[in-house]
Amino acid sequence: MQKLGTTLSSFIIDEQRKLGNKASGEFTGLLNDITIACKGIANLVNMGDLADVLGATESENSMGDVQKKMDLIANDLFIDALENNGHCAGMASEELDEILTLPDGKPRGSYLVTFDPLDGSSNMDINMDVGAIFSVLKAPKGKENPTAEDFAKPGTEQVAAGYCLYGPSSMMVLTTGSGVNGFTLCTSIGEFILTHPDMKIPEDTSEYAINSSNQRFWEPAVQEYIADCIQGEEGKLGKRYNMRWVAAMVGEIHRILCRGGVFLYPIDERNRDVGGKLRLLYEGNPMAMIVEQAGGAADTGYGRIMEVQPNGDPHQRVPVIMGSKNEVEKILSYHKS
Ligand code: F6P
């Protein structure tokens, strides 16, 4: 007999059951809300131009990025899935200037959610990988409308993090703090099925991902590391390296979870004033939790990403170096020297 396997919902319920009486089912409900948003997005991304979701809008987000049509649709799907069921108390989205509190009269839950509803959205129009990234924090008790300060928690306080990759197949990759598991969307039954249990990042790698067109702006440590990679067997690192660039962080981190590698979006002379390119709450912290839970390392070049103390700006940026543990350490040794 053919089996369905473990669905994401039954997996989450099982994980919660392990907590015994402490689990109220609310966390399960919250993850289910996020899953519903991701399924809705997967469906539209998959339809592409047939669903009239390609192209840009005339608006920009708070960071000055032109918003794609699908950025706004994905954002609305997340909000719609999270604001009605009483599992969430507030949200922060890469696409919104301010923290989003729930409308009056809607039930408040015990969790805060931050999300990048469509990471790598410039890939949308060329039919390449895009994704959603999310992070879950505990909401302050008894506060009707959480503020930016309540979201300003270091990544070590995340209770869950995940991403949904919309690639050749859609995959949800999730950590609740005890390992990382990957689920593939079976479109015929509309369920994510556990296909990649206990994902582990190989400690060693000879593959890196960086946008080399920024090379002249990099710091000396990154300049030297990449120059040594390019030298291959003849260089200081003594091996041939391969390079990949998906231009969607979700795609890079998924590749690293599957076969190892390092991903760098370092601080450089163009983004130094704002602290880097990627956002701490929507990209840095959730991906750092996933990578560390899978045995990898995630650093800014100057310290662990998850220990960065947020400054209260929900759009704070951070330099990112993450992936295979030994290679990240190698890069950090360039920073130290
Ligand atoms: O804004 C985030 C992002 O799209 C990441 O997902 C991706 O890694 C990066 O920006 C791509 O940057 P670039 O435009 O330099 O290729």
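Two strands, β13 (262-265) and β14 (278-279), each supply at least two residues of the shell around the ligand. The model is predicted. By class, this shell has 7 nonpolar, 4 charged and 2 polar residues. Of the 13 residues around the ligand, five come nearest: D119, N211, W245, M249 and Y265.

The table gives each distance.

| Residue | Atoms | Distance |
|---|---|---|
| D119 | polar side-chain atom to ligand oxygen | 2.6 Å |
| W245 | polar side-chain atom to ligand oxygen | 3.1 Å |
| Y265 | side-chain N or O atom to ligand oxygen | 2.5 Å |

On its own, the ligand has 400 Å² of accessible area, and the protein covers 81% of that. The largest pocket is the space taken by the ligand.

Now for the backbone. Most residues other than glycine have a negative phi. D52 is not a glycine, yet its phi is positive, at about 55 degrees. Where is D52 found? D52 sits in the loop between α2 (26-47) and β1 (56-60).

N127 also is not a glycine and has a positive phi of about 55 degrees. The loop that holds N127 runs between β5 (111-119) and β6 (130-138). Is N127 buried or exposed? N127 counts as exposed because its relative accessibility is 70%, and the cut-off for exposed is over 50%.

Conventions: Residues are numbered from 1 along each chain as its sequence is written. This is a predicted model: local features need pLDDT of at least 70, side-chain atom pairs count only at pLDDT 80 or more; totals for chains, interfaces and linings use all residues. Side-chain values use heavy atoms; hydrogens and water are left out. A residue is near a molecule or strand if one of its heavy atoms lies within 4 Å of it. A polar contact is a pair of N or O atoms within 3.5 Å; within protein, one must be able to donate a hydrogen and the other to accept it, and residues adjacent in sequence count only if both atoms are side-chain atoms. Accessible areas come from the Shrake-Rupley method with a 1.4 Å probe; for residues, only the protein chains shown count as cover. On a 1 Å grid over the protein atoms alone, a cavity is a set of points where a 1.4 Å probe fits but cannot get out, and a pocket is an open set with protein on both sides within 12 Å along at least five of seven lines; lining residues have an atom within 4 Å of a point. A molecule sits in a cavity or pocket if more than half of its atoms lie within 2 Å of its grid points. Helices (H or I, at least four residues) and strands (E, at least two) are DSSP runs, numbered from the N terminus. Ala, Val, Leu, Ile, Met, Phe, Trp, Tyr, Cys and Pro count as nonpolar, Asp, Glu, Lys and Arg as charged, and the others, Gly among them, as polar. Buried means under 20% relative accessible area, exposed over 50%, partly exposed in between (1.4 Å probe, protein chains only).
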